Amino acid sequence: MRISKLFSKTLREVPADAETEGHRLLIRSGMIAPISAGVYAYMPLGLRVVHRIQSIIREEMDREGPDGRAGQELLMSSLVPIEYYERSGRDHVMADILFRLTDHHDRDFALGPTHEEVFVDVFKRNVQSYRELPLMLYQIATKFRDEPRPRGGLIRLRQFIMKDLYSFDADQEGLDVSYQMMFDAYVRVFERCGVPVIPALADSGAMGGRDTHEFLYLTDIGEDHCLLCPKCGYAANAEVATFVKEPASAGEEPKPLEEIDTPGLTTIEALADHLGVPKSKTCKAVFYTASYGDEHGGTREDPVLVAIRGDMDVNESKLKNALGAIDLRYMEEGAVNRAGFVAGSASAVGLENMKVVADELVVQERNLVAGANKMDKHLLNVNHDRDWKADIVADIALAAGGTLCSNCQTPMDERRGIEMGQVFKLGTKYSEAFEAFFLDAEGQQRPAVMGSYGIGIERLLAAIVEDNRDESGIIWPRELAPYDVHVVGLQVEKPEVRAAAETLTAELESAGLSVLFDDREESPGVKFNDADLLGMPLRATVSPRNLDKGSVELRRRGSDENELVPTDVAVEEIKARLAG
RNA sequence: CGGGGUGUAGCUCAGUCAGGUUAGAGCGCACGGUUCGGGACCGUGAGGUCGGCGGUUCGAAUCCGCCCACCCCGACCA
């Protein structure tokens, strides 16, 4: 490819709204172009990278497992009749992000945000016997999610490409094999793409199911929080991370309840300061509105009081799971007051007609300070069982940096990350909803046991650039670069230079390498800067100076060392360097 | 959905507070010339419904109202 003919241009100045350095480089290099909020177009160079990422993913998905099972690629529709999502109930669970449209017969469709329903339906229509299992089906396709707020360049998009694979096994043991195969395949994909990831325990959210890991690329620009144990390697998304909870009142005997005046003290900090007790000796109450799906496909809402020790925060994912709710909304102070409670002085003591969820630790504590449910009053020596009772006791506390690892009691680090991919053990949720049954060896009908496994291509691309760059531009990993070699001709208006550069380019292409040839009549600075920005692994400079020495000059992207090689062996030398 | 910010040439921005000739700069682009190893220089030139609609005014990029788009923080998030 000649740069003089290349459609996309490099930019000297960056569009002002580019957020992260990687995002800036992708736009400046002309790889991607913004179209709308959370929507991008791929320009020629960017698309070549995407194709190479997809090739790597295909190779790893198609790789055979020990029993011969392997991924098979197919392509589903993006346009999905809404009945599919109604059948799984996800027209409600994912209502906020579902792009919906109506055809001219008034039939409702969604632009597929994820395809469990469609895959299980196709599975059902094609598989009847356990002899056909296991199956692993996947596609690389565009997904649509009407995100309330796209952000961070390619991090949260409304339209993106995803590789989604679905495994169908006869039983749980089979699913375990599929899951492990995918887990290992993901490790290899990220490794080959030059992106360091950490597999972390995660929440299954709207997917449903049990075990799930997400692959996190650790970076400050990430929007997920995770906890890492530096000693034993425990890694978990903050949504599910557990930690050691140490009682603050071990061995205390319950003391009599006592009401005290606390004028104007409405925060745990102020209260603890005023009373001279640590926050861990208080119990705070937080109000939520929980929504549940009902049998008729609708929803009902209930208020919930959450009791947790004053020094901890509520983990809304854990709370949602403990309640079995499909949605959870934090109740603002105004709404709490309107509901008849006293925000800032609330507790479960004397409370009736409201569901109370307590963290497992707070019910063990003795003699806590808690709200009296009266303005400017609090209670001393509040004890669970004697003074109040929780309807649900569960771990609902948010792990923070510095809390102790539940495996090995080491203080954990809290880091931010981008979720590159996630693997789920779905079980039979979708196969039962769609009656995707097969006959087992005994002639019994059984639902397929499913897993689902996704990789977000744009997030992967963003992480690749974020992790493979310097101050001048992108440094593509060898396997991902849009072109293998960047041939720079200096003073190409001189016939001998142009001829030599053309010859080198043609010979490299004959040798099976892809070449980006800078044939523009530009000054050297412009060309070198563009070569650095675009980031091909190897640069070959043809110039009058090098021609005089009968040489071509090679430079590896990311290095500042030039190397002269004789023109007649240049192709061999270049191939050797790319291989090594 | 709440809060904040921004919309002027292909890109980055000035001009808006304090209304007043043909709305500016740099980069990019076209043409001519001089250069040539890390975003060179000189000259000439093309390029704008100042986000949209409405209003105030003799006169609006500038003031007022409504709307739209994009970005950030939060809510949300497979």
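A: Leaving aside residues up to four places away in sequence, I268 touches K279, T282, K284 and G310, where a contact means heavy atoms within 4.5 Å. Before going on, please note that this is a predicted model, in which local features need pLDDT of at least 70 and side-chain atom pairs count only at pLDDT 80 or more, while totals for chains, interfaces and linings use all residues. Residues are numbered from 1 along each chain as its sequence is written, chains are lettered from A and ligands numbered from 1 in the order in which they are written, and side-chain values use heavy atoms, with hydrogens and water left out.

I268 belongs to helix α7, which covers residues 268-275; helices (H or I, at least four residues) and strands (E, at least two) are DSSP runs, numbered from the N terminus. With a relative accessible area of 14%, I268 is buried, a word that stands for under 20% relative accessible area, whereas exposed stands for over 50% and partly exposed for what lies in between (1.4 Å probe, protein chains only). Between the C-alpha atoms of I268 and E316, which are 48 residues apart along the chain, there are 19 Å.

From E316 we can turn to helix α8, which spans 316-323. Its residues S317, K318, L319 and L323 are buried, and the elements that cover the buried residues of α8 include β15 (283-293), β16 (299-309), β17 (327-330), β18 (355-359) and β21 (392-394). After α8 comes G324, whose phi is positive, near 70 degrees.

A residue is near a molecule or strand if one of its heavy atoms lies within 4 Å of it. There are 44 residues around RNA strand B, and R145, R156, D532, S543 and E553 come nearest. They divide into 14 nonpolar, 10 polar and 20 charged residues, where Ala, Val, Leu, Ile, Met, Phe, Trp, Tyr, Cys and Pro count as nonpolar, Asp, Glu, Lys and Arg as charged, and the others, Gly among them, as polar.

An N or O atom in the side chain of R28 is 2.5 Å from a base oxygen of RNA strand B, a polar side-chain atom of S36 is 2.9 Å from a phosphate oxygen, and a polar side-chain atom of D532 is 2.2 Å from a base nitrogen. The elements that give two or more residues to the surface near the RNA are α8, α13 (524-534), α14 (544-548) and β32 (551-556), and the largest share, seven residues, comes from α13.

Another part of the chain can be followed through T212, which has its place in strand β10 and is buried, with a relative accessible area of 4%. The side chains of T212 and Q422 are joined by a polar contact of 2.9 Å, and the side chain of T212 also reaches the backbone oxygen of V423 at 2.9 Å.

Rings of Phe, Tyr and Trp (its six-membered ring) pair if their centres lie within 6.5 Å, with planes under 30 degrees apart counted as stacked, over 60 as edge-to-face and the rest as tilted. By this rule there are nine aromatic pairs. One of them is the edge-to-face pair of Y186 and F190, with 6.1 Å centre to centre and 90 degrees between the planes. These two residues are four residues apart in helix α6 (residues 172-192), so about one helical turn separates them. F190 is buried at a relative accessible area of 0%. F190 also forms a tilted pair with F215, at 5.6 Å centre to centre and 40 degrees between the planes. This pair links distant parts of the chain, since F190 lies in α6 and F215 in β10 (residues 212-218), 25 residues apart. Ring pairs link F183, Y186, F190 and F215 into a cluster.

Technical notes:
Polar contact = N/O pair within 3.5 Å; in protein donor to acceptor, adjacent residues only side chain to side chain.
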